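Please walk me through this structure, stop by stop. I have it open in a viewer and want to know what to select next and what is there.

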Amino acid sequence: AEIIGPAKRSPTEFLKQVTGRPVVVKLNTGVDYRGVLACLDGYMNIAMEQTEEYVNGQLKNKYGDAFIRGNNVLYISTVGVKKR
């Protein structure tokens with residue numbers, strides 16, 4: 001059986017597609033960072049622009065450019081991102 005749709009994409013393809021676009025990065029601590037994915041490396045270290053920090057759904061800080069160490073990342077998503 002052939003897989004059809006988004007499930008066919010590899011993680012690498014997904015990350016290439018969302019680079020330069022708004023994403024939500026959720027950390028192991030439960031904190032969300034929302035902003036534009038500038039780039040990332042093979043260790044999942046992430047550089048973001050227009051970054052906002054959310055704790056329990058509440059905006060806590062705006063950082064502009066931010067760097068997140070990869071071992072803190074739980075997931076990267078395009079779901080729940082407000083259009084800018």
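A salt bridge here is a side-chain nitrogen of Lys or Arg within 4 Å of a carboxyl oxygen of Asp or Glu. Keep that cut-off in mind for the later stops.

This is a predicted model, in which local features need pLDDT of at least 70 and side-chain atom pairs count only at pLDDT 80 or more, while totals for chains, interfaces and linings use all residues. Residues are numbered from 1 along each chain as its sequence is written, and side-chain values use heavy atoms, with hydrogens and water left out.

**Stop 1: the whole chain**

Show the protein as a cartoon. It has one helix and five strands. Starting at the N terminus, the order is α-β-β-β-β-β. Helices (H or I, at least four residues) and strands (E, at least two) are DSSP runs, numbered from the N terminus.

The accessible area is about 5,800 Å², with 52% of it from carbon and sulfur atoms. The areas come from the Shrake-Rupley method with a 1.4 Å probe; for residues, only the protein chains shown count as cover. Of the 84 residues, 33% are buried. Buried means under 20% relative accessible area, exposed means over 50%, and partly exposed lies in between (1.4 Å probe, protein chains only).

Contacts are heavy atoms within 4.5 Å. Among contacts with a separation of 6 or more, 40% are between residues 24 or more positions apart.

**Stop 2: the paired strands**

Select β2 (residues 32-40) and β3 (residues 46-55). They run antiparallel, joined by seven bridges. Two strands count as paired if DSSP finds at least two bridges between them. Find R34: its bridge partner in β3 is E52.

Next, look at the turns. The hairpin of β2 and β3 has five residues between the strands, and M44 takes a positive phi near 70° there. The hairpin of β3 and β4 has two residues between its strands, and N56 takes a positive phi near 50°.

**Stop 3: the nonpolar core**

A nonpolar core is a set of buried Ala, Val, Leu, Ile, Met, Phe, Trp, Tyr and Cys residues joined through side-chain atoms within 4.5 Å. Select V23, V25, I46, M48, I68, V73 and I76. In the largest core, of 14 residues, these touch the most other members. The elements giving two or more residues to this core are α1 (11-18), β1 (22-27), β2, β3 and β5 (73-77).

**Stop 4: N45 in its loop**

Select N45, in the loop between β2 and β3. Is N45 buried or exposed? N45 is buried, at a relative accessible area of 18%. Follow its side chain, which reaches the backbone nitrogen of G70 at 2.7 Å. That is a polar contact: a pair of N or O atoms within 3.5 Å, where, within protein, one must be able to donate a hydrogen and the other to accept it, and residues adjacent in sequence count only if both atoms are side-chain atoms. Leaving out residues up to four places away in sequence, N45 touches C39, L40, F67, I68, R69 and G70.

**Stop 5: the salt bridges**

Side chains of opposite charge can pair when their charged atoms come close. The structure holds three salt bridges.

Show K62 and E52. They form a salt bridge, with the closest N and O atoms 3.9 Å apart. The pair links distant parts of the chain: K62 is in strand β4 and E52 in strand β3, 10 residues apart. K62 counts as exposed at 62% relative accessibility, whereas E52 counts as buried at 15%. Elsewhere, salt bridges that share partners join K26, D32 and R34 into one network.

Select that network next. K26 meets D32, the closest N and O atoms being 3.2 Å apart. R34 also bridges to D32, at 3.5 Å from N to O. Both R34 and D32 are buried, with D32 at a relative accessible area of 12%. K26 is partly exposed, at 22%.

**Last stop: G30**

Move to G30, in the loop between β1 and β2. G30 is partly exposed, with a relative accessible area of 32%. The C-alpha atoms of G30 and Y54 are separated by 9.2 Å, and the two residues are 24 apart along the chain.
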